[in-house]
Amino acid sequence: MNARLPMLAALAATVLVVSACPAPTPPPPPEPVVNQDSIDAAARARAEQERLAAEAEARRRAEAEAEARRRAEAEAAARRAAEALAAARAAFAQAIYYDYDKSDLKPEARATLDAKLPLLRANANVRIRIAGHTDERGSDAYNIALGQRRAAAAKRYLVDQGIAADRIDVVSFGEDRPAAMGSDESAWSRNRRAEFEIIVGGETLRLP
Amino acid sequence: MSRSLVRPLLVALALLGLPLASSLLAQEGVRIGLTYTAGTRPGLYVLPMRGAHADSIRAILVRDLDFGDRISVIAPDSGTPPTGPLNYALYGRLGAAAVLQVVQQVNGAVSITLHEVGASRVLQEKTYPITADPDTPAWRMAIHRISDDIEEWVTGVRGIAATRIMFNRGGTLWMVDSDGANVQRVPGVGSGLHPAWHPNGRIIAHTEFADDGSHVVVRDLAEGTARRVSFALGANFTPTFSPDGKTLVFSSGVDGTDLWAVRLEGGEGPVRVTVGRGSENASPSYSPDGRRIAFVSGRLGRPEIYITDSDGANPQWLTTTGFGDQSYRSDPSWAPDGRHVAFQTQIEGRFQIAIINLRDRSVKQLTIEGANEQPSWAPDARHLVFTSNRSGSRQLWVLDSESGRMRQLTHGVLARMGAWSPRLVVP
């Protein structure tokens with residue numbers, strides 16, 4: 001408001017001079033008055049605002065980057081855990097194989113079964129299903145019985161190692177669900193098998 | 001049965017001094033012996049016929065009678081139906097012992113007249129009211145029943161045209177008429193293996209795979225209902241009905257499988273039939289009198305066929321006869337006349353169909369081409385359905401155990417586990 005006082009004084013002086021003149025002439029239009037101070041002040045305010053905005057933006061960006069890093073790390077950790085679980089499950093699902101028309105466990109099969117024990121011992125709530133299968137030779141009907149006996153032999157071994165019998169279901173699909181197609185020994189040998197599946201507790205598996 | 005062509009034929013042959021006919025005449029009820037002998041299949045001349053569906057009807061009858069393997073069918077492709085009395089001598093010269101006249105009435109009924117050439121007379125006349133729409137499965141089955149009547153009048157033995165074969169295809173159950181027509185899915189079945197027919201032809205049993213193992217299901221085809229009858233988790237499979245239809249026997253077990261009998265109308269619980277001590281025991285098949293059961297067992301190591309009393313007493317090793325290069329015999333099917341048990345036996349690494357005569361234990365190998373499995377007797381105790389890969393994929397085939405004649409029953413997607421129905425009295 002103080003900035004206006006000199007302007008008013010000048011205006012008043014002009015009026016006095018004019019009224020004193022004998023031949024009054026219309027006063028010239030007032031010159032536009034430019035106040036450099038107020039312009040500077042406005043510019044400063046704008047700059048200050050932009051600076052604050054930039055700072056805020058930078059903060060937001062930094063926070064977002066940090067958040068993304070945190071999320072990525074969490075995801076990576078979850079992925080590593082999931083991979084470890086998947087690996088454990090895959091290792092657990094490792095099938096065992098049998099000789100033609102036989103259900104007794106070969107040494108490799110025993111080793112594969114031994115490798116499943118730590119997971120079973122670390123997860124007492126886990127229930128599993130062993131599915132017995134046969135190759136396409138032999139009678140369709142008799143092969144269901146043979147697959148059942150193969151799965152039962154695997155269960156018996158795990159029970160002998162201290163796993164509770166009621167945690168293990170056994171089923172047989174005979175020759176009806178081959179793992180490998182074909183009518184040669186390479187297909188047959190992959191089909192004479194028992195498969196292992198976690199049916200309860202697979203989501204909350206604790207690694208041994 | 002009272003008026004059959006066979007007896008007069010036998011009399012005629014006996015008058016000619018043929019010893020076979022004399023010996024058969026001496027034994028009442030052994031008339032089928034005539035048709036078992038090569039060259040004595042009676043000739044049947046099938047006259048041209050008229051009617052809206054004459055061609056279909058005649059084609060079905062001719063094919064059924066041909067597939068029956070007991071009659072020599074003489075069926076010229078064209079011609080007009082004769083009018084007036086038949087010239088019996090003419091048909092006799094053409095090799096016919098009988099002449100079949102078929103007329104389709106305006107209302108759809110089918111009238112049959114069977115003439116006996118030797119006696120120059122009408123042997124049988126019958127009109128069949130047929131209510132089903134033409135060319136539907138029920139209509140075809142009605143025509144098949146006419147075929148079976150004709151075969152009975154001509155030969156003394158009822159035909160097997162009015163039957164179906166249930167089988168496994170694509171994991172579920174299908175049915176096909178005995179002549180290969182009318183292939184249809186069995187409604188309501190999800191997973192379905194090892195089908196078995198109740199003697200009433202309306203109820204079936206089968207194995208069902210589930211995530212928790214296999215179960216045995218009894219299904220009423222007419223009502224569309226089904227229930228699981230297996231009583232324990234584990235392997236439950238290969239059901240079969242007792243001939244009186246009151247008991248279901250199937251294989252069940254967790255560590256080794258045994259045969260168990262379940263009463264279908266309630267009452268006592270499951271009864272164990274075999275004591276396998278951890279071995280496989282499966283694929284039961286009743287003797288027609290219901291007193292014995294043939295089954296496969298691995299109790300001595302390799303699978304072999306055994307027979308036990310149906311209460312589990314007196315198990316005996318049936319297939320002791322040494323033949324083939326390996327001991328692997330399975331899938332027994334007891335013939336409805338009680339005389340034979342069909343089974344599969346491994347020869348040179350492949351399964352072949354064989355039958356064992358229960359009187360003298362002689363074994364007859366019936367197949368040689370490809371791998372052949374899963375025999376199931378037709379109700380005539382003469383034909384068998386089985387699975388063969390001889391066409392390049394596993395398909396059902398029909399075999400005449402007397403003549404060795406074979407025909408392919410199914411085509412297309414792989415088919416196996418054929419089960420021949422009893423004679424069907426329902427559509």
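Asp149(B) and Arg158(B) form a salt bridge, with their closest N and O atoms 2.7 Å apart; a salt bridge here is a side-chain nitrogen of Lys or Arg within 4 Å of a carboxyl oxygen of Asp or Glu. Asp149(B) counts as buried at 12% relative accessibility, whereas Arg158(B) is partly exposed at 25%. Buried means under 20% relative accessible area, exposed over 50%, and partly exposed in between, with a 1.4 Å probe and protein chains only. The model is predicted: local features need pLDDT of at least 70, side-chain atom pairs count only at pLDDT 80 or more, and totals for chains, interfaces and linings use all residues. Residues are numbered from 1 along each chain as its sequence is written, chains are lettered from A and ligands numbered from 1 in the order in which they are written, and side-chain values use heavy atoms, leaving out hydrogens and water.

**Salt bridges**

- Side chains of opposite charge can pair when their charged atoms come close.
- Over all chains, the count comes to 40 salt bridges.
- In chain A, Arg193(A) and Glu195(A) form a salt bridge, and their closest N and O atoms are 2.8 Å apart. Arg193(A) is buried, with a relative accessible area of 2%, while Glu195(A) is partly exposed at 31%.
- In chain B, Asp66(B) and Arg405(B) meet in a salt bridge at 2.8 Å, N to O. Asp66(B) lies in helix α4 (residues 54-67) and Arg405(B) in the loop between β27 (395-400) and β28 (406-408), so the pair ties together parts of chain B that are 339 residues apart in sequence.
- Both ends of that pair are partly exposed: Asp66(B) has 25% relative accessibility, and Arg405(B) has a relative accessible area of 33%.
- A network of salt bridges links Asp140(A), Glu175(A) and Asp176(A) with Glu373(B), Arg394(B) and Arg416(B).

**Helices**

- Helices (H or I, at least four residues) and strands (E, at least two) are DSSP runs, numbered from the N terminus.
- Helix α2 of chain A covers residues 36-93, which is 58 residues. The end C-alpha atoms of α2(A) are 83 Å apart, which agrees with the 86 Å that the helix should span at 1.5 Å a residue. The expected span is 1.5 Å times one less than the number of residues.
- Asn35(A) caps the N-terminal end of α2(A), where a side-chain oxygen lies 2.9 Å from the backbone nitrogen of Asp37(A).
- The buried residues in α2(A) are Ala56(A), Ala76(A), Leu85(A), Ala88(A) and Phe92(A). The buried residues of this helix pack against α3 (107-122), β2 (127-132) and β4 (193-200) of chain A.
- α4(B) has 14 residues, and its first and last C-alpha atoms are 20 Å apart, close to the expected 20 Å.

**Strand β18(B) and its partners**

- Of the 6 residues of strand β18 (residues 292-297) of chain B, 5 are buried, so the strand is largely enclosed by the rest of the structure.
- β18(B) pairs with strand β17 (residues 281-286) of chain B in the antiparallel sense over 4 bridges; strands pair if DSSP finds at least two bridges between them. Asn281(B) stands opposite Ser297(B) in β18(B).
- The hairpin of β17(B) and β18(B) has 5 residues between the strands, and Gly290(B) there takes a positive phi near 75 degrees.
- β18(B) also runs antiparallel to strand β19 (residues 304-309) of chain B, joined by 6 bridges. Ala294(B) has Ile307(B) in β19(B) as its bridge partner.
- The hairpin of β18(B) and β19(B) has 6 residues between the strands, and Gly301(B) in the turn has a positive phi of about 110 degrees.

- Most residues other than glycine have a negative phi.
- Asp331(B) has a positive phi near 55 degrees. Asp331(B) is found in strand β21 (residues 329-334) of chain B and is buried at 10% relative accessibility.
- Ala381(B) has a positive phi of about 60 degrees. Ala381(B) sits in the loop between β25 (372-377) and β26 (383-388) of chain B and is buried, with a relative accessible area of 9%.

Notes
Contact means heavy atoms within 4.5 Å. A polar contact is a pair of N or O atoms within 3.5 Å; within protein, one must be able to donate a hydrogen and the other to accept it, and residues adjacent in sequence count only if both atoms are side-chain atoms.
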